[in-house]
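Dear colleague,

I am handing over the structure below, together with notes on its salt bridges and on one pair of packed helices. Please read the notes with the structure open beside them.

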Amino acid sequence: MSSISIHTSPQIVHQPRPHHGQPTGAPTLEEILAPVYEAARDSYSLVASRQSVALRGETSEIPRFLLLGQRGGGKPIRLGLFAGFEAGNLDSVRAITQLLLQLKSSPHLSRDFALISYPVVNVRGFGAEAAPLADFENRFARDSAEGDVQFFKTELRKWRFDGLLSLRTDSSTRGFYATVRSEIIAAEVVEPALAAAASALPLATQHVKVRPGDRYARTADHAHGRLVPPADVRPYPFEIELHAPREPITDERIDGLFVALTEILRLYRGFIAHRQDL
């Protein structure tokens, strides 16, 4: 895997317009991101950047945060964290930024990990027009030359992630659940992680769903615009999607997500160590 390069954090210069459907007085996207940028100013473990991209003749910016956990042994495990898929839904953005701040204050919990976080995937979904996620997925599927698509495709190739974890919302569910491709990751990592967070997260009846993990399924997902690398990437990263009910994510539920995420990190770290000893 290529080495991790660290760049200085730029000043916050972009002020995106609030989504027209936001409740009056609700924090803007910039206000949600600002504490993470502030925390990164004098930090060696948290590095912040903004990637300027051209979209429909306008310049937008994609935030990215790199959090380096406490060093253990060997190369860091690279985990991509993604949020901000559903248009105008700032809850997942707020959740992932709060998770980063909590992890920064407890670096031992992310030991052996390099967490590369993208709080806003569907950039056009948080502008004045609030483009639906399908717009991004359609452009991703056809390999659009537009800046946001090419940025994420480059990131998926460049970092060679060991795993991808996405925070999504699902209006059809009343409880949190996860989808994962691997049965062993589901049983050894995701199931116990959600169980540990169950007191703060109301779980769906079927709270872990295993999706096909063969090459054909991965090729189909990539062809339909899901945020995944091409099927021929080796080694292919494990994938976990955490789905939240489409209702406000309270502080208690963010605490539950924090428990679930840190347990995923701990259990996966132990899973990798055990596999290497076999």
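**Salt bridges and a helix pair**

Glu-38 forms a salt bridge with Arg-41, the closest N and O atoms lying 2.9 Å apart; the term stands for a side-chain nitrogen of Lys or Arg within 4 Å of a carboxyl oxygen of Asp or Glu. Arg-41 counts as partly exposed, at 40% relative accessibility, where buried means under 20% relative accessible area, exposed over 50%, and partly exposed in between (1.4 Å probe, protein chains only).

Before going further, please note that this is a predicted model, in which local features need pLDDT of at least 70 and side-chain atom pairs count only at pLDDT 80 or more, while totals for chains, interfaces and linings use all residues. Residues are numbered from 1 along each chain as its sequence is written, and side-chain values use heavy atoms, with hydrogens and water left out.

Over the whole structure, the search finds 24 salt bridges. One of them joins the side chains of Arg-94 and Asp-251, at 3.3 Å from N to O. Because Arg-94 lies in helix H2 (residues 91–105) and Asp-251 in helix H7 (residues 251–277), this pair ties together parts that are 157 residues apart in sequence; helices here are DSSP runs of H or I with at least four residues, numbered from the N terminus. Arg-94 is partly exposed at 21% relative accessibility, whereas Asp-251 is exposed, with a relative accessible area of 54%.

A further salt bridge, with an N to O distance of 3.2 Å, links the side chains of Glu-155 and Lys-158. Both belong to helix H4 (residues 147–158) and, being 3 residues apart, are separated by about one helical turn. Glu-155 is buried, with a relative accessible area of 4%, while Lys-158 is partly exposed at 38%.

There is also a network of salt bridges that links Glu-86, Arg-168, Arg-181, Arg-211, Asp-221, Arg-226, Glu-239 and Glu-241.

Turning to the helix pair, H3 (residues 133–141) packs against H4 at an angle of about 65°, with the axes 9 Å apart; the axes are lines fitted to C-alpha atoms over the stretch in contact, and angles run from 0 to 180 degrees between N-to-C directions. In the contact (heavy atoms within 4.5 Å), Phe-136, Arg-139 and Phe-140 of H3 meet Asp-148, Val-149, Phe-152, Lys-153 and Leu-156 of H4.

With regards

Key: Helices (H or I, at least four residues) and strands (E, at least two) are DSSP runs, numbered from the N terminus.
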